[in-house]
Amino acid sequence: MAANVDLSTNVAGVKLPNLFYNASGVMCQTEKELNQLIESDSGALITKSATFLPREGNPSPRYTALPNGIGSINSMGLPNEGYEYYLNFAKNYNYNNSKGKPLFISLSGLSVQDNVNMITAFNDADLPCILEVNFSCPNVPGKPQLGYDFEGMENALTVLAPLIKKPFGIKLPPYFDIAHFDIAANIFNKFENLAYVTCINSVGNGLAIDVETEQVLVKPKDGFGGLGGLMVLNTALANVNAFYRRLSPGKQVIGVGGVTSGKEAFMHVLAGASAVQIGTTLKEEGEGCFTRISKELSEIMASKGYKTLDDFRGKVKTP
Ligand code: SIN
């Protein structure tokens, strides 16, 4: 790690010893995996998106890396242990014994009422974890992504934000139109305790085909699945920067998408990210990627004379 470089950051008023953690969905379904994240060099951890009841998810094969390091496709369908499992994990989470890492809990109710019920249970437990509501899973048949239904998303936030009371985040799908960035940001700015948005979830409903077998590469939904990894980097950077420019002061953006090395992490922060999540690279390389990418980012920062993330966050230049 380069000397004199500080990778610490704050999200929703909570300190992270460094800016990197897992993208929800990778290495975070079971207690064993979550403990692996605690042991790793990540700066935080987030759980797999929980539904009210446990789910097995979609039939396999439902994830595969794509050739030449371009990324991955998944159609997991929210396999998870049910919210009570993650509530229990949060109750037992030992903040003194977890290298100072905050715990984020991802919730993905299949209805607003499911989210209300899960949030109520977390409120009753009164825990220091940070809640993140996932409005963007593209893989549950019959359940469109709420992030693409602006009216539905605003209605959901109108119910959920006052209920959560504390600072919280939401996970967004990628947007591809300037008008949509404007509409979405206007909605988010209405909710004071909406502290951050996580951009981006996978680019939904891509199709990967194997030339030799002439088959699609994942089984569910006739092969349609969410794209992640390097091929989504530029869409992720655009979403991070679009919301960084539009959100009210104090609101933050968490960047996710396309981080394979310190270079892409540097770009995410330059675009405005307060923290950076890693999905496909974590899945393919394992938790050692946090050590490697932290070192690479530190070296880039040192070579440019930056000591903290604040020195360059959001300062991407335009000609
Ligand atoms: C999945 O479980 O299908 C992925 C989760 C997500 O995209 O939010």
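Author: A residue counts as near a molecule if one of its heavy atoms lies within 4 Å of it. By that rule, the ligand here is surrounded by Lys-48, Asn-74, Met-76, Gly-77, Leu-78, Pro-79, Asn-134, Cys-137, Pro-138, Asn-139 and Asn-201. This is a predicted model, in which local features need pLDDT of at least 70 and side-chain atom pairs count only at pLDDT 80 or more, while totals for chains, interfaces and linings use all residues. Residues are numbered from 1 along each chain as its sequence is written, and side-chain values use heavy atoms, with hydrogens and water left out.

Reader: Which polar atoms lie 2.8 Å from an oxygen atom of the ligand?

Author: A polar contact is a pair of N or O atoms within 3.5 Å. A polar backbone atom of Gly-77 is 2.8 Å from a ligand oxygen, and a polar side-chain atom of Asn-134 also lies 2.8 Å from an oxygen atom of the ligand. For Asn-201, an N or O atom in the side chain is 2.9 Å from a ligand oxygen. Taken alone, the ligand exposes 260 Å², of which the protein buries 94% (Shrake-Rupley method, 1.4 Å probe).

Reader: Is Cys-129 buried or exposed?

Author: Cys-129 is buried, with a relative accessible area of 6%, where buried means under 20%, exposed over 50% and partly exposed in between (1.4 Å probe, protein chains only).

Methods
A polar contact is a pair of N or O atoms within 3.5 Å; within protein, one must be able to donate a hydrogen and the other to accept it, and residues adjacent in sequence count only if both atoms are side-chain atoms.
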